[in-house]
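Open your viewer and get ready to select residues by number.

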Amino acid sequence: MNKQASNIKEKYTVSFTTLGCKVNQFESEAMTELLEQEGFVVVPHGEISDIYIINTCAVTKESERKSRQFINKAKRMNPEAVVVAVGCSVQLNGENLSKETDVDIIIGTKHKSNIGKLIKERLKDIKFESQVEEFCGREDFEELKISTVHDKTRANIKIQDGCSQFCSYCIIPYVRGPIRSRSHDYILDEISKVASNGYKEIVLNGIHISSYGKDFHQQDALIKLIEDINEIKGIERIRLGSLEPKLITEDFVKRYSSLDKTCDHFHLSLQSGSESVLKRMNRKYTADEYKNNVDLIRKYLPDAGITTDIIVGFPGETDDEFNETIEFVKAIKFSRIHVFKYSVREGTKAAEMKNQVDEAIKSQRSRTLIDLADSFSRDFMKKFEGKTIPVLVETEKKENIFEGYTTNYLKVLLKSDINIKNKIVNARIKCVKNDYLWGE
Ligand code: SF4
């Protein structure tokens with residue numbers, strides 16, 4: 001580094017490694033734009049560069065381990081490089097990270113917008129830079145902006161940060177702080193920009209988007225925001241990130257389904273179909289409420305894709321409780337389920353719970369649930385055989401074979417001699433094969 005400090009370059013190259021969720025992806029895109037405006041040259045992930053930024057994740061122990069691995073790998077790729085670790089794992093374990101790795105700059109989940117300034121200071125002066133600040137009750141939303149993203153079809157827009165739910169297995173409220181919503185007008189402004197850059201679909205994301213607007217005491221803030229986005233020229237599809245079942249009221253679904261750009265896809269986090277497990281998880285709904293809300297969605301949007309996450313092997317989960325989840329899944333018939341085996345996350349209430357479930361049982365439950373989920377996914381896809389449905393084409397998988405998504409989030413492969421990328425086309429579905437609808 002001494003050599004680098006005394007030999008300031010005109011242009012420094014930067015590469016990003018992003019772990020974790022859609023919010024991290026958004027924030028990496030926003031930091032990319034910030035650094036480009038400040039004169040840095042952002043190169044693809046994996047290339048040798050002068051500066052490496054690792055946007056870390058802390059959701060599991062494994063994601064923290066991977067974050068460290070990338071920090072160490074960056075120094076091996078270029079020992080002269082400046083290595084920056086940002087985000088959740090830094091917020092949780094910044095001090096250890098700086099002792100145990102060769103990181104040069106650490107930034108927690110706040111002050112990511114200072115990244116350019118901190119890197120420039122470090123390039124002039126070789127001292128270690130740190131910006132990790134505790135949360136102190138009320139927090140402001142840190143504005144990070146994007147106008148373009150590297151995925152040319154779908155733009156991921158962050159509308160909210162933080163979570164105040166404190167599910168007993170989750171570390172996120174401790175590393176992301178309390179809920180804070182982004183300004184309605186800033187979001188509209190950002191979406192207008194991405195629309196003018198050619199993006200057709202936007203996905204509204206956050207740590208807990210169902211809480212959008214609650215910090216400024218507006219109960220219907222999310223649906224109002226969606227109604228205004230629906231008016232933006234150029235945007236053809238509006239999709240929502242993961243939702244809390246309680247958000248789904250008759251008023252919400254009625255207003256949502258009356259708009260012409262909203263997707264009939266809802267990712268409603270379930271986690272367990274057993275009342276007693278939901279209670280231990282400190283989830284704020286019952287299985288019955290969940291089912292009623294799915295019924296409401298299907299009343300207004302009969303072909304809606306309902307996807308979810310389920311954790312198996314939560315502490316104390318008995319065979320009976322697991323079977324309640326199985327019966328619940330059979331009653332709902334989800335279009336897709338992400339199954340997770342519970343993993344202990346230190347610092348959470350669930351980590352202290354007695355009766356941790358044996359790994360072999362977790363694996364067995366996971367397999368059972370995945371098999372069931374696959375059969376319902378297939379049944380759901382089969383419903384569309386022979387139908388003509390709109391598909392937003394995102395990529396050319398191989399020559400003349402294009403991949404896109406339906407509004408209810410099914411993957412479609414299409415054969416076409418002309419380039420149909422970034423277009424919405426009407427596809428006639430011929431069959432279901434290997435997780436895909438095949439259309440023409
Ligand atoms: S809702 Fe629960 S699982 Fe989701 S981020 Fe908040 S605490 Fe974690």
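What follows is a walk through aromatic rings and the charges over them.

Keep in mind that this model is predicted. A pair of aromatic rings is described by the distance of the centres and the angle of the planes. Ring centres must lie within 6.5 Å to count as a pair. By this rule there are eleven aromatic pairs.

**Stop 1.** Select F166 and Y174. Now show the surface. F166 has 37% relative accessibility and is partly exposed. Y174 is partly exposed too, at 42%.

**Stop 2.** Move to F252 and Y256. Is this pair stacked or edge-to-face? The centres lie 5.8 Å apart and the planes are at 15°, so the pair is stacked. The cut-off for stacked is under 30 degrees. Next, color helix α9, residues 250–257. F252 and Y256 are four residues apart in this helix, so about one helical turn separates them. Both F252 and Y256 are buried.

**Stop 3.** Select Y285, Y290, F328 and F334 together. These four residues form one aromatic cluster.

**Stop 4.** Now look for charges over rings. Which residue lies over the face of Y436? Select K411: it lies there, 4.9 Å from the ring centre.

**Stop 5.** Finish with K433 and W438. K433 lies over the face of W438, at 5.2 Å from the ring centre.

Methods:
Residues are numbered from 1 along each chain as its sequence is written. This is a predicted model: local features need pLDDT of at least 70, side-chain atom pairs count only at pLDDT 80 or more; totals for chains, interfaces and linings use all residues. Side-chain values use heavy atoms; hydrogens and water are left out. Rings of Phe, Tyr and Trp (its six-membered ring) pair if their centres lie within 6.5 Å; planes under 30 degrees apart count as stacked, over 60 as edge-to-face and the rest as tilted. Buried means under 20% relative accessible area, exposed over 50%, partly exposed in between (1.4 Å probe, protein chains only). Helices (H or I, at least four residues) and strands (E, at least two) are DSSP runs, numbered from the N terminus. A charge sits over a ring if NZ of Lys or CZ of Arg is within 6 Å of the ring centre and within 35 degrees of the ring normal.
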